[in-house]
Amino acid sequence: QAFGEQVKDSIVWVSYEVSGKTTDERSFEEGGASGSGIIYSVEGQKMKVLTNRHVIDCGFGEAYCYERTSEKVRLRTQDGKVHSVSKILYAPHDMDIAILEVNLPNSEDYKPASRPNNFANTNENVVAIGYPDAGLEGNYVEFSVSKGEITGTRQIIAQDGFGFEIYDSNAYVNHGSSGGGLFDENGNLIGITTWGSIF
C-alpha cells in the first residue's frame, strides 16, 4: 500500500503561542496559532521536524510582532503526545522554512518521512497531508489528506540571488496546511506545503 502508517505518522500538528508588543507599544497575545510539520529525521534522542517559518515566527512577514516577551512552540505527534520544542533553526536566504528540534527519550518510536531519489514531474499524482482549519466554530483543526497533481514548477530567486524551485499543485490546502507534507504516489516526501506554493 502506497500510503501506509509511516506516511501518516510523519505528520505533526504544530502549536505556536506568543505575546509581546507592537511597534506602537501596544501589547498583544496570540494563542492557538497552529500549522503542520513533518518528521524529517530521528537521530539518537533528537527528532527534527520541518515546517514553514511563518507558522512559528510571528516576526516573519508580520509588522505587528515587534518585541516578543514570551513564545512557546509545541507539536503533537500521531500518538497523541504533545512535545515541547527545544530548539528552532531557520533556513538561510530568508526562506519560509524552519527546523524544530525535540528531545525525546523514546525517539525510536517515531519514523521520519522517506525521501525520493528523483524530483517530481509535472502531472505526477501527489497527496497533501496536514492540519488545516476544520471550518468549525471554535479553534479546531482536522487531519486532512488531499489528492491532486503537480501542475507546474517555478524558479524563485531570493533578494540575495539564491535560486530555488517550487512546485505548484492543485491538491487542496487551507490555513493550517502550512508546513505539512506533499507526497508522491509511493509515499515519498517531495515538498513542504505552504499557503499558495510548495517548497
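Which elements each supply at least two residues of the lining of the second largest pocket? They are β2 (27-43) and α2 (53-56). Strands here are DSSP runs of E, at least two residues, and helices are runs of H or I, at least four, numbered from the N terminus.

Before I go on, the model is predicted, so local features need pLDDT of at least 70 and side-chain atom pairs pLDDT 80 or more, while totals for chains, interfaces and linings use all residues. Residues are numbered from 1 along each chain as its sequence is written, and side-chain values use heavy atoms, without hydrogens and water.

Back to the pocket. β2 gives the most, 3 residues.

Next, two single residues. S144 is in strand β9 (residues 144-157). Is S144 buried or exposed? It counts as buried because its relative accessibility is 15%; the cut-offs are under 20% for buried and over 50% for exposed, partly exposed in between, with a 1.4 Å probe and protein chains only.

P105 sits in the loop between β7 (98-103) and β8 (125-130). P105 counts as exposed, because its relative accessibility is 65%. Its C-alpha atom is separated by 8.7 Å from that of G44, 61 residues apart along the chain.
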